[in-house]
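Colleague: Hi! I'm new to this one, could you walk me through it?
Modeller: Happy to, let's bring it up.

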Amino acid sequence: MFGMKLKWYPLFESESELENLFAVKKTAVHKSIFGEVLLVKNDSGYHAFKNKCAHQNKPLNGCWTEDNSIVCPFHKYHFDIDSGQGHGTYIDKYELRFVDAKVEIGKEIWSIFN
């Protein structure tokens with residue numbers, strides 16, 4: 001009866017707003033309806049994560065990418081961009097989707113209705 005469901009929230013009114021964040025960099029922090037989101041761009045597209053390193057709950061502001069990893073600026077922990085996995089822990093990854101030229105972010109929530 002109870003289960004997890006992906007709920008979608010607006011993140012940007014247009015894809016160009018998202019693209020403008022990455023004019024000269026590969027990572028950016030953006031405020032969303034449920035807190036700060038770390039956005040990452042690589043060859044496979046855009047990715048979104050909770051802006052918190054799982055190691056010591058530090059924000060990932062100032063992180064960078066190396067190969068296919070996000071590198072925490074505090075302790076140099078590496079997290080896989082595709083899965084969020086790294087060093088025996090992981091950072092929460094959110095889904096992104098593009099609908100009618102808008103960008104939405106998905107977050108899992110508990111729901112009675114699946």
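Modeller: One term before we start: on a 1 Å grid over the protein atoms alone, a pocket is an open set of points where a 1.4 Å probe fits, with protein on both sides within 12 Å along at least five of seven lines, and lining residues have an atom within 4 Å of a point. This is a predicted model, where local features need pLDDT of at least 70, side-chain atom pairs count only at pLDDT 80 or more, and totals for chains, interfaces and linings use all residues. Residues are numbered from 1 along each chain as its sequence is written, and side-chain values use heavy atoms, with hydrogens and water left out.

Colleague: Thanks! Which residues line the largest pocket?
Modeller: The lining consists of M4, L6, D92, K93, Y94, E95, G106, K107 and E108.

Colleague: And what is the volume of that largest pocket?
Modeller: About 170 Å³, where the volume is the space filled by probe spheres set on the grid points, which are joined across faces, edges and corners.

Colleague: Which strands supply at least two residues of the lining?
Modeller: Strand 1 (3-12), strand 10 (93-99) and strand 11 (102-111) each do. Strands here are DSSP runs of E with at least two residues, numbered from the N terminus.

Colleague: How do the lining residues divide into nonpolar, polar and charged?
Modeller: Three are nonpolar, one is polar and five are charged. In this scheme Ala, Val, Leu, Ile, Met, Phe, Trp, Tyr, Cys and Pro count as nonpolar, Asp, Glu, Lys and Arg as charged, and the others, Gly among them, as polar.

Colleague: How many bridges join strand 1 to strand 11?
Modeller: Nine, and the two strands run antiparallel. Two strands pair if DSSP finds at least two bridges between them. Within this pairing, M4 stands opposite W110 in strand 11.

Colleague: And how many join strand 10 to strand 11?
Modeller: Five, again with the strands antiparallel. F98 stands opposite V103 in strand 11. Strand 10 and strand 11 form a hairpin with two residues between them, and D100 in the turn has a positive phi of about 50°.

Colleague: Changing topic: which residues touch the most other members in the largest nonpolar core?
Modeller: Those are L11, L39, A48, L96 and I105, in a core of 13 residues. Strand 1, strand 3 (35-42), strand 10 and strand 11 each give two or more residues to this core, and the largest share, three residues, comes from strand 1. A nonpolar core is a set of buried Ala, Val, Leu, Ile, Met, Phe, Trp, Tyr and Cys residues joined through side-chain atoms within 4.5 Å. Buried means under 20% relative accessible area, exposed over 50%, and partly exposed in between, using a 1.4 Å probe and protein chains only.

Colleague: What does L96 touch?
Modeller: Not counting residues up to four places away in sequence, L96 touches W8, L11, L39, Y46, H47, A48, V103, E104 and I105. Contact means heavy atoms within 4.5 Å.

Colleague: Now strand 2: how many bridges pair it with strand 3?
Modeller: Six, in the antiparallel sense, with strand 2 covering residues 27-32. A hairpin joins these strands through two residues, and S32 stands opposite G35 in strand 3.

Colleague: Is A28 buried or exposed?
Modeller: A28, found in strand 2, counts as buried because its relative accessibility is 5%. Beyond four places in sequence, A28 touches L21, F22, V37, L38 and L39.

Colleague: How about S69, buried or exposed?
Modeller: S69 is buried, with a relative accessible area of 15%. This residue is in strand 6 (residues 69-71), and S69 touches W64, H78, F79 and I81, not counting residues up to four places away in sequence.

Colleague: Last one: what is phi of N57?
Modeller: Phi of N57 is near 55°, a positive value in a residue other than glycine. N57 lies in the loop between strand 4 and strand 5 and counts as exposed at 54% relative accessibility. D67 also has a positive phi, of about 55°, although it is not a glycine. D67 is in the loop between strand 5 and strand 6, and D67 is exposed, with a relative accessible area of 82%.

Terms used
Helices (H or I, at least four residues) and strands (E, at least two) are DSSP runs, numbered from the N terminus.
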